[in-house]
Amino acid sequence: NYVWALDPVHDRLYYFAHLNNIEVSNGEFCKAGSIIGTVGRTGKNAFERRSPTHLHLMVLSIRNRELIPIDYWNLMMYKGIN
(Lines give C-alpha, C1' and ligand atoms only; values in the text may rest on other atoms or scores of the structure.)
Protein backbone atom coordinates (compact mmCIF):
# COMPACT_ATOMS: atom_id res chain seq x y z
CA ASN A 1 0.00 0.00 0.00
CA TYR A 2 1.56 3.28 -1.08
CA VAL A 3 0.76 6.90 -1.88
CA TRP A 4 2.44 9.24 -4.36
CA ALA A 5 1.91 12.92 -3.49
CA LEU A 6 2.74 15.86 -5.75
CA ASP A 7 3.77 19.23 -4.33
CA PRO A 8 3.50 21.58 -7.34
CA VAL A 9 4.57 24.62 -5.30
CA HIS A 10 8.02 23.16 -4.57
CA ASP A 11 8.17 20.83 -7.62
CA ARG A 12 8.49 17.75 -5.42
CA LEU A 13 7.11 14.24 -5.51
CA TYR A 14 6.71 12.22 -2.29
CA TYR A 15 6.39 8.44 -2.02
CA PHE A 16 5.04 6.80 1.16
CA ALA A 17 5.14 2.99 1.19
CA HIS A 18 4.16 0.06 3.46
CA LEU A 19 1.01 1.83 4.65
CA ASN A 20 -1.56 -0.21 6.54
CA ASN A 21 -4.50 1.94 5.41
CA ILE A 22 -4.74 4.66 2.79
CA GLU A 23 -6.97 7.57 3.82
CA VAL A 24 -6.87 9.62 0.58
CA SER A 25 -8.28 9.09 -2.90
CA ASN A 26 -6.63 9.48 -6.29
CA GLY A 27 -6.48 13.15 -7.25
CA GLU A 28 -7.46 14.38 -3.80
CA PHE A 29 -5.98 17.70 -2.65
CA CYS A 30 -4.49 17.55 0.85
CA LYS A 31 -3.34 20.27 3.19
CA ALA A 32 -0.16 20.00 5.26
CA GLY A 33 -0.86 17.83 8.27
CA SER A 34 -3.64 15.84 6.60
CA ILE A 35 -3.69 12.13 7.34
CA ILE A 36 -2.90 10.26 4.14
CA GLY A 37 -2.57 6.81 5.68
CA THR A 38 -1.45 4.77 8.66
CA VAL A 39 1.94 3.16 9.06
CA GLY A 40 1.92 -0.56 8.47
CA ARG A 41 3.94 -3.57 7.47
CA THR A 42 2.92 -4.35 3.90
CA GLY A 43 4.86 -5.57 0.88
CA LYS A 44 6.50 -8.85 -0.03
CA ASN A 45 9.69 -8.13 1.95
CA ALA A 46 7.95 -6.85 5.07
CA PHE A 47 7.95 -10.06 7.07
CA GLU A 48 7.20 -9.54 10.74
CA ARG A 49 10.44 -11.19 11.86
CA ARG A 50 12.50 -8.85 9.64
CA SER A 51 10.59 -5.64 9.64
CA PRO A 52 8.68 -3.91 12.41
CA THR A 53 5.98 -1.44 11.49
CA HIS A 54 7.71 1.20 9.42
CA LEU A 55 7.44 3.69 6.60
CA HIS A 56 9.47 4.00 3.43
CA LEU A 57 9.66 7.64 2.36
CA MET A 58 11.21 8.97 -0.81
CA VAL A 59 11.36 12.65 -1.80
CA LEU A 60 12.12 13.60 -5.39
CA SER A 61 12.69 17.01 -6.92
CA ILE A 62 11.18 17.57 -10.37
CA ARG A 63 13.62 19.47 -12.61
CA ASN A 64 13.40 19.64 -16.39
CA ARG A 65 11.21 16.51 -16.48
CA GLU A 66 13.74 14.57 -14.41
CA LEU A 67 13.26 13.14 -10.92
CA ILE A 68 16.20 13.88 -8.63
CA PRO A 69 16.38 12.32 -5.14
CA ILE A 70 16.45 14.76 -2.22
CA ASP A 71 18.19 14.15 1.11
CA TYR A 72 15.00 14.69 3.08
CA TRP A 73 16.63 13.80 6.42
CA ASN A 74 18.65 17.03 6.35
CA LEU A 75 15.60 18.88 5.04
CA MET A 76 13.55 17.76 8.06
CA MET A 77 16.34 18.47 10.55
CA TYR A 78 16.91 22.01 9.29
CA LYS A 79 13.19 22.78 9.35
CA GLY A 80 12.98 21.67 12.98
CA ILE A 81 10.96 18.56 12.19
CA ASN A 82 12.27 15.56 14.11
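**Walk-through**

Author: Ala5 is partly exposed, with a relative accessible area of 26%. Buried here means under 20% relative accessible area, exposed means over 50%, and partly exposed is in between, with a 1.4 Å probe and protein chains only. This is a predicted model, in which local features need pLDDT of at least 70, side-chain atom pairs count only at pLDDT 80 or more, and totals for chains, interfaces and linings use all residues. Residues are numbered from 1 along each chain as its sequence is written, and side-chain values use heavy atoms, with hydrogens and water left out.

Reader: Where does Ala5 lie?

Author: Ala5 lies in strand S1. Helices (H or I, at least four residues) and strands (E, at least two) are DSSP runs, numbered from the N terminus.

Reader: Which residues is Ala5 in contact with, leaving aside neighbours within four places in sequence?

Author: Arg12, Leu13, Tyr14 and Phe16. Contact means heavy atoms within 4.5 Å. As for Asn26, 21 residues from Ala5 along the chain, the two C-alpha atoms are separated by 9.6 Å.

Reader: Back up a bit. What pattern does the protein follow along the sequence?

Author: The order is β-β-β-β-β-β-α, from six strands and one helix.

Reader: How many of the residues count as buried?

Author: 22% of the 82 residues. The protein exposes about 6700 Å², and carbon and sulfur atoms supply 53% of that area. Accessible areas come from the Shrake-Rupley method with a 1.4 Å probe, and for residues only the protein chains shown count as cover.

Reader: What share of the contacts comes from residues 24 or more positions apart?

Author: 32%, taken over contacts in the protein with a separation of 6 or more.

Reader: Which element gives the largest share of the lining?

Author: S1, with six residues. The elements that give two or more residues include strand S2 (12–17), strand S5 (56–63) and helix H1 (72–78).

Reader: And how does the lining of the largest pocket split by class?

Author: It has 25 nonpolar, seven polar and five charged residues. Ala, Val, Leu, Ile, Met, Phe, Trp, Tyr, Cys and Pro count as nonpolar, Asp, Glu, Lys and Arg as charged, and the others, Gly among them, as polar.

Reader: Moving to S5. Is Ser61 buried or exposed?

Author: Ser61 counts as buried because its relative accessible area is 7%. Ser61 is in strand S5. Its side chain makes a polar contact with the side chain of Arg63 at 3.3 Å. A polar contact is a pair of N or O atoms within 3.5 Å; within protein, one must be able to donate a hydrogen and the other to accept it, and residues adjacent in sequence count only if both atoms are side-chain atoms.

Reader: What else does Ser61 touch, beyond neighbours within four places in sequence?

Author: Ser61 is in contact with Asp11, Glu66, Leu67, Ile68 and Ile70.

Reader: What about Leu57?

Author: Leu57 lies in strand S5 too. Leu57 is partly exposed, at 23% relative accessible area. Phe16 is 41 residues from Leu57 in sequence, and their C-alpha atoms are 4.8 Å apart. Leaving aside neighbours within four places, Leu57 is in contact with Tyr15, Phe16 and Tyr72.

Reader: Backbone check. Which non-glycine residues have a positive phi?

Author: Among them are Asp11, at about 50 degrees, and His18, at about 70 degrees. Most residues other than glycine have a negative phi. Asp11 lies in the loop between S1 and S2 and is partly exposed at 40%. His18 is in the loop between S2 and S3, and counts as buried at 14%.

Reader: Last one. What does the side chain of Ser34 reach?

Author: The backbone oxygen of Lys31, at 2.7 Å. Ser34 lies in the loop between S3 and S4 and is partly exposed, at 33% relative accessibility.
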